[in-house]
Amino acid sequence: MKNKSKVVVLGGGLAGLSAAYHLDPAHHDVRIAEKSGSVGGTARSVTLKGFTFDITGHLLHLHYDYTKGLIQKLLAGNLYTCIRKASIFSNGVQTEYPFQANTFGLPKKVISECVEGFKEAVKKYSDPALRSTSLPFADWSLRTFGAGIHKHFMKPYNEKLWQVDLKEMTAEWCGMFVPQPKVGDVVAGSQKRPKKSFGYNATFLYPKKGGIQVLSESIAKGLDVRLNCAADEVLWREKKVRLSNGDVLDYDSLVSTLPLAELLKRMPGLPPEIECLKARLRFTSVLCVNLGVDRSKISDRSWIYFPEKKFPFYRVGFPMNFTPHIVPKGCSSMYVEVGCPAGKVPDFKNPDFLKGIRKGLEEAKILKKSDKILVADYIPIRYAYVVYTPERKAQMEKILKFLNGNSIHSIGRYGAWKYSFMEEAILDGKKTAELISGASPAREPLSPSR
Ligand SMILES: Cc1cc2nc3c(=O)[nH]c(=O)nc-3n(C[C@H](O)[C@H](O)[C@H](O)COP(=O)(O)OP(=O)(O)OC[C@H]3O[C@@H](n4cnc5c(N)ncnc54)[C@H](O)[C@@H]3O)c2cc1C
């Protein structure tokens, strides 16, 4: 009988778990090494004093029949369908998401700047080539949405989230993440509350109980996952990985879901052209602040965006509105997202930090002075968003070509160094399993089902 091929998977997040899940154990000997004490990566959850939190909200936006079927199978009976209720808080009022299509409720001057600016931009830049996403984000936003929407939302919000000069990154990440309404929508949304919904996440799925962790655990069931076991060194010429527990694993194929910069750091003797690229991969960090509060229904929203500088956070979400089963009775929960430059998370141990967050939440009328915070948990996400620099595409082509040529598949949100979501991580893993096993990677339809 033919020997099984040896596959080592680095990282037990969704991409790594999915790669292992989709490899047939009859033909492949698959081992997963995961640095932390549980599976899931950024799709994991923690439970504290009866509150279950994700690493900021992790909501399932599914576009492909395959993933819809898989997740229904894995989480049968444990899924809710949620209707998005998202807002923007600015100028002291809440407007409906997305800002660009719903300025009704804002001061008249702001509405007029947004609507007139949008009309002008549409006239001036009607040729899509003038609105190419390879432009610097600031230019793309001005040309796509006009000066008013850029000034009142796109610029301040994206500066807070990305923490870089918006001329230093392109708009190549936007795709489905930033809805582009028509003039009629913008005008209608400036005159009354909207009826039309926009964007890829108007409805989403979420586990009834257990947070997003239950998805990661259900994929991991039956797989050989070694927890608390980091990959320290990838001896790529010898096809061996040295783990933190001292084991050295041989592989025929290596699937890495480590942040690409971390994988390259662990590969001694890289060719000089790859070595010099690794320092130029840019990213931003996020501090996730999970809060449990002693009052029910502090908001009816799914989440709220905060473009204004005076708020230290860019978004606040409300897990108790995804499912009531993840908060104690009579309580509410929140995830507060704070954008940070790469690796520079604020000193959250200083009591003034939480005071600043609380002040913002009170100003936005989410918290009342009398509310008690029962739980405050801080989770720094070092690699949160990949910055789409103008060089990123060419850099990635070179790096991935080198890695693939050495039987290394670097996949997932951070392995492939991209802006993506859980469904894509699962599909990346599946596609990689098919590549390794020699099956056609296009076995499932690769175009969305809607
Ligand atoms: C703030 C934020 C909000 C998000 N919200 C959503 C959402 O609502 N919906 C959605 O679909 N997606 C969302 N995402 C995206 C989603 O989290 C990711 O697309 C997906 O979970 C990425 O999975 P992954 O396996 O590629 O990476 P990861 O989850 O990062 O997995 C990589 C794994 O590698 C492990 N690792 C790292 N170093 C080593 C090492 N040296 N050795 C061994 N293991 C190692 C890590 O511990 C981790 O478990 C969000 C992301 C962020 C940052």
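A word on the model before we set out: it is predicted, so local features need pLDDT of at least 70 and side-chain atom pairs count only at pLDDT 80 or more, while totals for chains, interfaces and linings use all residues. Residue numbers start from 1 along each chain as its sequence is written.

Let us begin with the overall form. The C-alpha trace spans about 75 × 55 × 45 Å along its principal axes. Among contacts with a separation of 6 or more, 73% join residues 24 or more positions apart; a contact needs C-beta atoms, placed from the backbone, within 7 Å.

The chain holds 12 helices and 19 strands, which are DSSP runs numbered from the N terminus (helices are H or I with at least four residues, strands E with at least two). An automatic or database domain assignment supplies the domain bounds: domain 1 (5-49 + 60-83 + 209-279 + 390-437), domain 2 (86-191) and domain 3 (283-386).

How do domains 2 and 3 meet? Their C-alpha centres lie 25 Å apart, and 13 residues of domain 2 are in contact with 16 residues of domain 3. On the domain 2 side, strand S6 (86-90) and helix H4 (137-162) each supply at least two residues, with H4 giving the largest share, 6 residues. That side has 8 nonpolar, 4 polar and 1 charged residues; here Ala, Val, Leu, Ile, Met, Phe, Trp, Tyr, Cys and Pro are nonpolar, Asp, Glu, Lys and Arg are charged, and the others, Gly among them, are polar.

Next comes the ligand. It is surrounded by 35 residues, and the closest are Gly 11, Gly 13, Gly 41, Gly 412 and Phe 421; a residue is near the molecule if its C-beta atom, placed from the backbone, lies within 6 Å of it. Helix H1 (14-21), strand S18 (373-386), helix H11 (412-415) and helix H12 (422-437) each give two or more residues to this shell. Domain 1 and domain 3 each contribute at least three, and by class the shell divides into 16 nonpolar, 14 polar and 5 charged residues.

Now look at Lys 209, in the loop between strand S8 (203-207) and helix H6 (213-220). Lys 209 counts as partly exposed because it has 13 C-beta neighbours inside 10 Å. Leaving aside neighbours within four places in sequence, Lys 209 is in contact with Asn 78 and His 325.

We finish at strand S13 (residues 253-256), where Ser 253 and Val 255 on one side and Leu 254 and Ser 256 on the other are all buried. Side chains in a regular strand alternate between the two faces of the sheet. S13 pairs in the parallel sense with strand S1 (residues 5-10) over 4 bridges, pairing being defined as at least two DSSP bridges between strands. Val 9 has Val 255 as its bridge partner in S13. Strand S19 (residues 408-410) also runs parallel to S13, joined by 3 bridges, and there Ser 256 is partnered by Ser 410.

Conventions. Two residues are in contact if their C-beta atoms, placed from the backbone, lie within 7 Å. A residue is buried if 20 or more other C-beta atoms lie within 10 Å of its own, exposed if 12 or fewer, and partly exposed in between; C-beta atoms are placed from the backbone.
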